[in-house]
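Please read them with the structure open.

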Amino acid sequence: MAQQAEEDATVQVPAHVEYDKAISVEHALTLLARYGPGARILAGGHSLIPMMKLRLAQPEVLIDINGLTDLCYINLTGDQLRIGTLTRHAQLLASPLVVEHFAILHDAERVIADPIVRNWGTVGGSLCQADPSEDLSAAFAAMKGTMVIRGPRGTREVSAREFHTGPYETVVAPAELLTEIRLPVRPGGGSGYQKVARRAGDWPVGAAGAAVWLAGDVIADAGIGLAAVGAMHFVAAEAEEYLRGRAATEESLLRAGEIAASSCHPVSDQRGPADYKRHLASELTTRVLRIALARARGQDRRERA
Amino acid sequence: MMRLTLTVNGTEYSRDVEPRLLLIHFLRDDLGLTGSHWGCDTSNCGACVVWLDETPVKSCTVLAVMAAGRRVRTVEGLASGGELDPVQHAFAKCHGLQCGFCTPGMILTARWLLDHNPSPTEAEVREAISGQICRCTGYENIVRAVLWAAQNAGGA
């Protein structure tokens, strides 16, 4: 027993858990219904397994969906890019469709975790983990995406901007499964993402993603997503509103950054003080708006974070 | 307990395991393949990198049961017919290992990189190993070793 206690003190392993493997989406839903709220979906596991080691998550049953390769896709259907939620981060990063239509996702994936974690971590897993610092949540919010959720009563769609209900909380009910993200491909658009992190692969101190859609030299519509700085639903809605219908000038972009910073609520933590994060929210918003604008105009301008 | 069957370095193994068992512990403790190292346990350091089917993963963050029916490749599976893999040879040649702790993960990532990009730039090598930590801070020689392997063995 003493030896066991000593081992427990030095070894981080998940607590006892049951395990089942889903062989189809329907089967996953059946298993979720059978096991109830004590069950958790296991995708890449790169958020869930570390949380289980620390006892921050203690599911009774894991339902492994890694065999559901029919949830692994990125395709263009009509004017929508559709991403299956078991798509690995590395696949999203490597996708030519993503580079062509949603540079914001490509930018974000380059700085999500590290290349090895991206090999196995999934898009849906990251979204459902719903960490307030998660990059794709901000990127999909900026792009005004739609989440497709399947459950016992069929399929429902939820705006990316209503997907998160709080830190580590989403609208996905215990019996439901997030299966797809849909992003509208709209003409005249450009997008970009930047993050400031303390070291390669770390969570952001602050991060911003932006999309603009131009009508001539006027910003017809804009989307701004913020991660790690306490933005409600990962969105800087007031800054978006300010830009809508405004001339695409440097002055507008600077002002939008200021508005984004004033509307978020960063907290001081080990990654930095709140006032620095607020500064980042402003500066990064303006920078990604510049990049998005350049890309919308067909000039692929890249800046260093 | 549940029955786990998988292939490691070309050999099929079947063992009874608890679902919570991590792949790194399965490899080291159940199969005795201690070449893969168990480091930070938080998917930061990459000492535990092995291939799962065709991709490198951090095996401290994968349950052994998730590897059921899959192929795992560890550092023990790199040498062939008594000949070191060119990447292993390069690490020896260029002093790419100091204490050796990060080495198995670094080598498996390097092997994957060269399989997909036989002539990487220095920046590409550094990006590829950016999720792995060398506690001797010997990155310079690790990068040199990967580049040497690319240049002197055609990456193969």
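1. Pairing of V49(B). In this predicted model, V49(B) sits across from K58(B), a residue of β4(B). The strands β3 (residues 49-52) and β4 of chain B are antiparallel partners, joined over four bridges.

2. The sheet around that pair. Chain B has an open sheet of five strands with mixed pairing, and the order is β2-β1-β5-β3-β4. The edges are taken by β2 (11-17) and β4 (55-58) of chain B; each has a single partner strand, so one side of each has no neighbour in the sheet. From one strand to the next the twist averages 40°.

3. D53(B) is found in the loop between β3 and β4 of chain B. Its phi is positive, about 55°, although D53(B) is not a glycine. Most residues other than glycine have a negative phi. D53(B) has 12 C-beta neighbours inside 10 Å and therefore counts as exposed, the limit for that class being 12 or fewer.

4. The helix over the sheet. Helix α3 (residues 103-116) of chain B lies across β3 and β4 of chain B. The angle between this helix and β3(B) is about 40°.

5. S119(B) belongs to the loop between α3 and α4 of chain B. With 11 other C-beta atoms within 10 Å, S119(B) is exposed. V146(B) is 27 residues from S119(B) in sequence, and their C-alpha atoms are 9.8 Å apart in space.

6. Domains of chain B. The chain is split into domain 1 (2-77) and domain 2 (86-152), and the C-alpha centres of these two domains of chain B are 21 Å apart. Where they meet, 14 residues of domain 1 of chain B are in contact with eleven residues of domain 2 of chain B. On the domain 1 side, β3(B) supplies the largest share, three residues. That side of domain 1 of chain B consists of eight nonpolar and six polar residues, with no charged ones.

7. Domains of chain A. Chain A is divided into domain 1 (15-64), domain 2 (69-184) and domain 3 (189-296). Between domain 2 and domain 3 of chain A, the C-alpha centres are 20 Å apart. This contact takes 22 residues from domain 2 of chain A and 24 residues from domain 3 of chain A. The elements that give two or more residues on the domain 2 side are α6 and α9 (135-142) of chain A, with the largest share, six residues, coming from α9(A). The domain 2 side divides into twelve nonpolar, three polar and seven charged residues.

8. I74(A) is part of strand β4 (residues 74-77) of chain A. Leaving aside residues up to four places away in sequence, I74(A) touches I83(A), T87(A), Q91(A), L92(A), S95(A), L97(A) and V98(A). R182(A) is 108 residues from I74(A) along the chain, with 9.9 Å between their C-alpha atoms. The second residue, A113(A), is in the loop between α6 (103-110) and α7 (115-120) of chain A. A113(A) is not a glycine, yet its phi is positive, near 50°. It counts as buried because it has 25 C-beta neighbours inside 10 Å.

9. Confidence in chain A. The mean pLDDT of chain A is 94, and 94% of its residues reach 70 or more. Where pLDDT is low, the predicted coordinates should not be read in detail.

Notes: Residues are numbered from 1 along each chain as its sequence is written. Chains are lettered from A and ligands numbered from 1 in the order in which they are written. This is a predicted model: local features need pLDDT of at least 70, side-chain atom pairs count only at pLDDT 80 or more; totals for chains, interfaces and linings use all residues. pLDDT is the predictor's confidence in each residue, from 0 to 100. Two strands pair if DSSP finds at least two bridges between them. Axes are lines fitted to C-alpha atoms, for helices over the stretch in contact, and angles run from 0 to 180 degrees between N-to-C directions. Two residues are in contact if their C-beta atoms, placed from the backbone, lie within 7 Å. Domain bounds come from an automatic or database domain assignment. Ala, Val, Leu, Ile, Met, Phe, Trp, Tyr, Cys and Pro count as nonpolar, Asp, Glu, Lys and Arg as charged, and the others, Gly among them, as polar. A residue is buried if 20 or more other C-beta atoms lie within 10 Å of its own, exposed if 12 or fewer, and partly exposed in between; C-beta atoms are placed from the backbone.
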